[in-house]
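Take a look at the model below. We will walk through a pocket and then a sheet.

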Amino acid sequence: MYETVYDTIIIGGGPAGLTAALYCSRAGLRTMLFEGEGYGGQIAASPRVENYPGYKVISGNDLISHLYDQAMEFGTETEYAQVEAIRKEDALFVVTADGTEYVAKTVILATGVKNRRLGLANEEDLLGCGISYCATCDGAFFKDLDVAVAGGGSTALTDAIFLAKYCRKVYLIHRRSEFRGEIRLVKILSELPNVEFVLDSTVEELVGDTSLKAVVVKNKNDGQLTRIDVSGLFVAIGQIANNEKFKDLIALDESGYIIAGEDCRTSVSGIFAAGDCRQKSIRQLTTATSDGTIAAVNACEFIGSSI
Ligand code: NAP
């Protein structure tokens with residue numbers, strides 16, 4: 001017999017996980033939340049959130065901080081630890097985090113996604129030495145310098161807007177001629193004098209041994225290679241799912257996302273998936289918190305409790 005059995009263990013402290021924690025603990029469930037890197041997930045790096053209902057403008061960090069406090073107030077327990085594995089033992093789930101086993105009646109996976117790499121030879125070596133995946137975290141290091149942003153989604157666009165305030169010049173390198181991100185952001189960027197679009201182009205090479213000196217881009221229309229001298233490259237080319245370690249227990253799709261419908265139920269009864277980590281078409285802050293709510297309500301129902 002286990003000494004402590006949680007009603008629910010939540011894995012991931014982003015908007016989905018924290019919302020699930022708020023609902024579960026408020027409903028009186030003994031709730032443990034694991035976060036292994038930093039609370040907030042992707043949104044923590046967003047300086048300006050304008051599309052979360054109830055706030056005209058708020059930073060991702062402040063929003064997460066409020067949500068964290070709210071969940072803690074209702075008694076959520078937390079461990080700053082990496083979850084390594086989950087196994088099913090009769091009607092319970094045993095979660096291993098940093099080598100210690102924790103037991104729960106239900107599990108809510110809110111593992112989010114991680115930044116996609118360009119896949120270039122020295123990309124990892126130059127991480128922190130010119131290569132960054134977080135403009136708001138590292139942008140200040142590049143004050144008055146020339147930088148590039150790679151990507152064409154809303155993250156790349158907001159990163160470029162943010163960097164243009166501090167950097168001398170910002171090159172926005174995107175592999176197509178049209179951006180995937182919000183048109184409103186493209187309009188803002190096109191009016192900034194220190195921003196240059198480098199379209200139909202991919203980053204082929206990172207120049208520099210101990211720190212980034214330049215990027216070499218290839219134009220896909222004529223194959224021409226161009227060297228652009230920059231001190232920093234902010235890679236914002238989307239995210240990938242982070243569910244590899246659970247693949248023997250729950251069903252994942254071909255891209256590694258957890259197969260779960262709008263009810264957040266996974267292929268294993270008692271395990272729920274919330275937020276960006278599950279297969280879904282719209283990954284937004286609001287859909288993540290919505291998932292956190294649904295997963296929590298269904299976890300409550302699973303153990304015979306109610307919200
Ligand atoms: P995203 O929308 O998936 O965009 C990824 C971008 O990277 C795309 O332009 C894609 O090009 C490009 N890309 C992907 N793989 C590449 C590769 N190997 N080499 C070069 N380019 C590559 O990701 P995101 O911008 O991080 O946005 C994620 C979600 O967060 C979206 O739903 C977005 O709307 C949301 N978001 C919202 C806000 C906000 O302020 N509300 C801010 C940021 C993000 P293609 O276009 O050619 O596929």
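This is a predicted model. Start with helix α2, which gives four residues to the lining of the second largest pocket, the largest share. Helix α2 covers residues 60–73.

Now find the lining in the structure. Among the residues there are Leu63, His66, Leu67 and Gln70. Thr19, Leu22 and Tyr23 line the pocket too. So do Leu285, Thr289 and Thr293. Tyr52 and Tyr55 complete the list. What classes do these residues belong to? Seven are nonpolar and five are polar.

Strands of a sheet pair through backbone hydrogen bonds, either parallel or antiparallel. This open sheet has three strands, in the order β12-β13-β14, and the pairing is antiparallel. Why do β12 and β14 each have a side without a neighbour? β12 (201–207) and β14 (225–229) stand at the edges with a single partner strand each, so one side of each is left without a neighbour in the sheet. From one strand to the next, the twist averages 30 degrees.

Look at one pair in detail. Six bridges join β12 to β13, which spans residues 214–219. These two strands run antiparallel. Across this pair, Thr202 stands opposite Lys218 in β13.

Definitions and conventions: Residues numbered from 1 in each chain as written. Predicted model: local features only at pLDDT ≥ 70, side-chain atom pairs only at ≥ 80, totals over all residues. Heavy atoms only, no water. Pairing = 2+ DSSP bridges. Axes fitted to C-alpha atoms, helices over the stretch in contact; angles between N-to-C directions. 1 Å grid on protein atoms, 1.4 Å probe; cavity = no way out; pocket = protein on both sides within 12 Å on 5 of 7 lines; lining within 4 Å. Nonpolar A, V, L, I, M, F, W, Y, C, P; charged D, E, K, R; others polar.
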